[in-house]
Amino acid sequence: MEVETRFESFDARFDALLRPDSRLERLGTGTIWAEGPVYFAEGEFLLWSDIHNNRMMRWSEIDGVTVYKQPANFTNGHTRDHQGRLLSCEHGGRRVIRTEEDGTVTVLADSYRGKRLNSPNDLVVKSDGTIWFTDPPYGILSDFEGYPAEQEQERCYVFRLDPETGQLDAVADDRDKPNGLAFNLDESILYVSDTAISHDESGWHHIFAYNVVDGTGLANGRIFAEINPGCSDGFRIDHHGNIFTSSLDSIQVYSPGGDHLGKIMVPELNANCTFGGPNKDRLFITASTSLYAIRLNTQGVQHP
C-alpha cells in the first residue's frame, strides 16, 4: 500500500539518489518492533525480526507477510555469509548462530574469555569471511527483547569472529551501547553506531568510524555523524559509499565524507534497512509495526 512519500533534501547528491517514481510503500504491518532485515535474492524474499513478539517474519511479492519462525529466541540482526547461509544475533540465546542448508543451527559464538556474551545485536561479514558483531546489553535488560540477566562481560564490545577457527577477539571497547555496523566500500573503515541515548537522554546517538588495521583490528575511533532526531540503530551502504541509516523520523543519508545529504521520511520510528530486489535498488525498511520499501536510483552493497 502506498503511503505519503516525503523527502527532505539538503544536497543535490541526495536528489540524484531518487527516481521519478520513488514512492514509499507499506508492504505489511502487525509487528511490535521490526528489526534485522535480510534479503534472499535467489528466492526473492525478505526475512526480518519482530523482536518483542519473539518471532521472525517473511515477505515476498507472492505470499505477502507471513510468520517464518516462532519462537525465534529473540533474534535481532541478520546477514548472510559468502555461502548464502543465514547468520543471526540471538538476544535470547546470547549468541551468534548460523542456519545451515538443512535447517540445523550452528553456534558460532556465545562466550568470551569464559563469560557469556551480553546479547549480540547486529553483524556484518567481511570479504575474508570473518564476522564482526556488536554486543550491547539490550537482550538482558528486560523481558521485552530477551531474558533479564546480569551482565557478565566487563564492557559492551565490538567483536571479530573467525568462523573457521572459532577465534573471537574484542576489537573495540570504547562504545557504551554499540549497535549497527557496516564496512565502507574498500573495508578500510568500519562504521559503528552507539545508541546509548535509548537509556540515557544524554547518551550517544552517533555513528563512529574506525580505521581497520591489518584487516583484523580497529583504531582511531571518531565521530562520523550525530543522528537527530533519535539514533542510528542499523544502516547499510550503497555502491557510492553513502550510508542509509535509521532514525526517529526517517532514513537519513550521509555521504562517505559525513555530509548529511537528505532524509526519506518514514511515518514510524524505524530501526533498520537493507537493499534488495532483483537490481538491489529497493530499500526495505523495518519500522516498529510495519515493513516499508522504496525504489531508488542507487544499488546496495551486499552479498551474496
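1. Basis. This is a predicted model, in which local features need pLDDT of at least 70 and side-chain atom pairs count only at pLDDT 80 or more, while totals for chains, interfaces and linings use all residues. Residues are numbered from 1 along each chain as its sequence is written, and side-chain values use heavy atoms, with hydrogens and water left out.

2. Aromatic pairs. The structure holds 14 aromatic pairs. Rings of Phe, Tyr and Trp (its six-membered ring) pair if their centres lie within 6.5 Å; planes under 30 degrees apart count as stacked, over 60 as edge-to-face, and the rest as tilted. The pair of Trp59 and Phe284 is tilted because the planes stand at 55°, with 5.5 Å between the ring centres. This pair links distant parts of the chain, 225 residues apart: Trp59 is in strand 5 (residues 55-60) and Phe284 in strand 26 (residues 282-287). Helices (H or I, at least four residues) and strands (E, at least two) are DSSP runs, numbered from the N terminus.

3. Burial of that pair. Buried means under 20% relative accessible area, exposed over 50%, and partly exposed in between (1.4 Å probe, protein chains only). Trp59 has a relative accessibility of 5% and so counts as buried. Phe284 is also buried, at 1%.

4. A second pair. Phe244 and Phe275 form an edge-to-face pair, with 85° between the planes and 5.2 Å centre to centre. Phe244 belongs to strand 22 (residues 243-245) and Phe275 to strand 25 (residues 272-276), so the pair links distant parts of the chain, 31 residues apart. Phe244 is buried at 1% relative accessibility, and Phe275 is buried at 0%.

5. Strand 25 again. Thr274 also lies in strand 25. Thr274 is buried, with 4% relative accessible area. Its side chain makes a polar contact of 3.4 Å with the side chain of Arg236. A polar contact is a pair of N or O atoms within 3.5 Å; within protein, one must be able to donate a hydrogen and the other to accept it, and residues adjacent in sequence count only if both atoms are side-chain atoms.

6. Ring cluster and charges over rings. Tyr112, Phe133, Tyr157 and Phe159 are linked into a cluster by ring pairs. Elsewhere, Arg175 lies over the face of Phe208, 3.5 Å from the ring centre. The charged end of Arg175 also sits over the ring of Trp204, at 5.3 Å from its centre. A charge sits over a ring if NZ of Lys or CZ of Arg is within 6 Å of the ring centre and within 35 degrees of the ring normal.

7. Arg13. This residue lies in helix 1 (residues 12-15) and is partly exposed, with a relative accessible area of 41%. Leaving aside residues up to four places away in sequence, Arg13 touches Ser255, Asp259 and Leu261, where contact means heavy atoms within 4.5 Å. The side chains of Arg13 and Asp259 are joined by a polar contact of 3.0 Å. Arg13 and Val253 are 240 residues apart along the chain, and their C-alpha atoms are separated by 9.9 Å.

8. Four strands form an open sheet in the order 13-14-15-16, with antiparallel pairing. Two strands pair if DSSP finds at least two bridges between them. Strand 13 (123-125) and strand 16 (168-172) are the edge strands, each pairing on one side only. Strand 13 pairs with strand 14 (residues 131-134) in the antiparallel sense over three bridges. Val125 stands opposite Ile131 in strand 14.
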